[in-house]
Amino acid sequence: MKDTINISLVGVGGQGILLASDILCQVALLSGKDVKKSEVHGMAQRGGSVISQVRIGEKIYSPLIAAGETDILVSFEKLEALRYAHLLSCDGTALVNKQEIKPVTVSSGQADWPNNLDERLRTAVRHLRMIPALEIAQDLGDTRVINLVMLGALSVYIDQNKDVWREAIADLVKPQLLDVNLKAFDAGRNYIKHMQSD
Amino acid sequence: MSNMSSVDRKVLSGNEAIAHAAYASGVQLAAAYPGTPSTEILENIAQFRDIYCEWSVNEKVALEVAIGASFAGARALAAMKHVGLNVALDPLVTFAYIGATGGLVIVSADDPGMHSSQNEQDNRALAKFARIPLLEPADSQECFDMVCAAYEISEQFELPVLIRTTTRISHSSSIVELGVFGRRSRGDLHYTKDIARTVMVPMFARQRRLALEAKLEELRAFSQEFAMHRIEPPTCESHTGKIGVITSGVAYQYVKEELPTVWILKLGMSFPLPEQKIRDFAASVDRLYVVEEGDPFIEEQVLAMGLHVEQPKVSLRIGELNPDRLKVLADEINGREPRPVPSPVSDIPARPPVLCPGCAHRGVFYALNRLKATVLGDIGCYSLGAFEPLYAMDSIVCMGASIGNAHGMQKADYKGERIAAVIGDSTFFHSGITGLLNTVYNKGTSTVIVLDNRTTAMTGHQDHPGTGRTLMGEETVEASVEDIARGVGVRHVVTVDPYDLETTYKTLKEELDREEPSVVVSRRECILRCRTQTRCVLSVDETLCKACGACLRLGCPAIEIADTYQIDARRRKVRINPVLCVGCRMCEQVCKFKAINEPPNAKQIQRRIK
């Protein structure tokens, strides 16, 4: 692993991106790394496009990641993956939830949903991993755990043992929801591992 | 959370770090009005049970409350977003004359780039204007350390201290070494009456003015030796001579990231500046730049020292700084061709924030649109009512402005037929009441619509005088908008349920046409606040839908064009997204063809809404 790893988490307000990035920070803290996270609160949460950036390394200065320097883009929604694909480095990886959420511009008929979205994503991103996070979360009986499915997928790319992740999740998730969140994390992690072993 | 004493290391946002520092510094009172990006400071202070804290009705009151605590000898904190300090500027400037007894720290959270604000003013100018010391933290650790230091400075010089953060300090998180985290114990407070110091009549104020200047002289000497300024050598060899950069706040982080070949003078206190340190630094380099987020605040002071400052070809002035903008400067400094910055694709649909499904504001804006009213708006979630398809707001200036704006337009013989001010409940308590009194007193006829969703929604649901609950979780007197309106002399005060579209329309029409001032209270709890809903999700009967588009004029995110039911390219039937619908039934009321209904065999669903 190179010295600093830059992660951008993107999606739609209300998808649990902020909790996922908080857990990521806790993993860094528990692993003795330096970490910075940057996000914006406020108006964007009303169904708008949301981005949170996390940088982990020996010594981190900027809380923001320069365009084209994101190592891993974690997109909780498919259209948002394309919106932020330019943040990725040439060799970067995008982990994309297959779920599509129409923005109000589309649902109200002012704009059209891009009909070749998958193809454009494959062109824009060198290493693309599509993850059925909504389906996985539904199978677990709680659609709110999409964020932990995506975090599980991301964990495969971050060189930390699983116990640290579990500890970080336990630190930040409400005790009564811990079990389903850990299951979601495992499911996301296993999904990528199976994909890699295929 | 009290009595913590273990050696602690945490990932904290700047706002959380400030709250921890307030606790550690023995702050006894903290007051604020919520505002992005400052809100979490008080929310986190409220976690420490032994600090008295409150949501004051506005920033001016918050600072006045904090000043009262300082008078009493207690350490106090007032926090606000940048525009909040405009509201609080009156007490600030005069309190600088009086000076702090108990340490007083004011946190101004600026918002360059205007993520969630109406302007991007740089409040460092206000520290210089009020002649008080100014500290600029560059990460969460410095937020903690500088707030602790600020209390010492405040008590040493008997002055309030301004801490200026920006969005990427307030809302970025980084590791904070809290040390042996505990609460500084305070001795008994003692208040000594001293009217020559605290009664600012001209006779005394003239003396205090001189005292303030003398303190500033001492502060200049203090700044020279202040431990939170530092010089850092380059981490890479430079091939273009010795370059120096003076920087502060988050700009320092971007300089460290992108300009490894420069010498850095990182300022912790940017007013008053350490003049000799800056002169020495300038003399030690071949070329000098100043990189700061916002106005040329440091730069103009350095220029006033008669020093030469290089001007980047691509200005760093407007908007938020970021690593990409510093790359451009790095290329310029190093004499390289600018590297291309990857840009986003432009041809995909935007995802703007929208009024939530079931948002009660929608009912009022839908009516105002039908009434073709001229609507003077205010600050809050309801600013989203300005956009298509509701398109029912003409202006937004600042907190409380709607009421005075409406009155002024009406008095200027504006020929539009109907004028309304639209203001949220929290904003009404913040600074709408005086405007309403003014309208009544000066025989205005405009209508004020108070969108009462029972919370401060925009900033994340804080309590306010109308909710009957304090920041510390205590029950309190619940202020009534109707009683206040009647109290200032409004004779026509009506309350409507905005989910009832026809009554809302008729009421607004009647009140807007009335040749007297009136207040309409639109009351319905914020949909995000109704944690548990028992409502029925609606659906569209495609056989009845005529694709007229009437329901789309509500701008509800749950109503979608249903591609499968297309009549032709321009007339497309709709469907209701069951995941988003909260069953407010506004769309049912606007459908002339009765196509929107409870689906057959509908169950009452109960679910939590995020």
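## A helix pair in chain A

In this predicted model, helix 7 of chain A passes helix 8 of chain A in a right-handed crossing. Helix 7 covers residues 162-172 and helix 8 covers residues 178-197. Two packed helices are described by the angle between their axes and the distance between the axes. For helix 7 and helix 8 of chain A, the axes cross at roughly 145° and come within 10 Å.

Which residues of helix 7 of chain A meet helix 8 of chain A? On the helix 7 side they are A:Trp165, A:Arg166, A:Ile169 and A:Ala170. Their partners in helix 8 are A:Leu178, A:Asn181, A:Leu182 and A:Phe185. Sorted by class, this contact has 6 nonpolar residues, 1 polar residue and 1 charged residue.

## Chain A as a whole

Chain A contains 8 helices and 6 strands. Read from the N terminus, its elements follow the order β-α-β-β-β-α-β-α-α-β-α-α-α-α. The radius of gyration of chain A is 16 Å, and the globule rule gives 16 Å for 198 residues, so chain A is as compact as a globular protein of that length.

Along the principal axes, the C-alpha atoms of chain A fill a box of roughly 50 × 40 × 40 Å.

## Chain B: elements and domains

Chain B has 21 helices and 24 strands. It is divided into four parts: domain 1 (7-225), domain 2 (230-333), domain 3 (361-523) and domain 4 (532-608). How many Å apart are the C-alpha centres of domain 1 of chain B and domain 4 of chain B? The centres of these two domains lie 50 Å apart.

## Chain B: overall size

The C-alpha trace of chain B spans about 80 × 65 × 55 Å along its principal axes. A compact globule with 610 residues would have a radius of gyration near 25 Å. Chain B has 27 Å, which agrees with that value.

## Confidence of the prediction

For the model, ipTM is 0.95 and pTM is 0.96. Chain B has a mean pLDDT of 94, and 96% of its residues reach 70 or more.

Where in chain B does pLDDT stay under 50? This stretch is residues 1-5 of chain B. For these residues the model has 12 contacts beyond four places in sequence.

How values were computed:
Residues numbered from 1 in each chain as written. Chains lettered and ligands numbered in written order. Predicted model: local features only at pLDDT ≥ 70, side-chain atom pairs only at ≥ 80, totals over all residues. Domains from an automatic or database assignment. pLDDT = per-residue confidence, 0-100. Contact = placed C-beta atoms within 7 Å. Axes fitted to C-alpha atoms, helices over the stretch in contact; angles between N-to-C directions. Helix = DSSP H or I, 4+ residues; strand = E, 2+ residues; numbered from the N terminus. Left-handed = near helix turned anticlockwise from the far one by under 90°. Nonpolar A, V, L, I, M, F, W, Y, C, P; charged D, E, K, R; others polar. Rg over C-alpha atoms; globule rule 2.2 N^0.38 Å.
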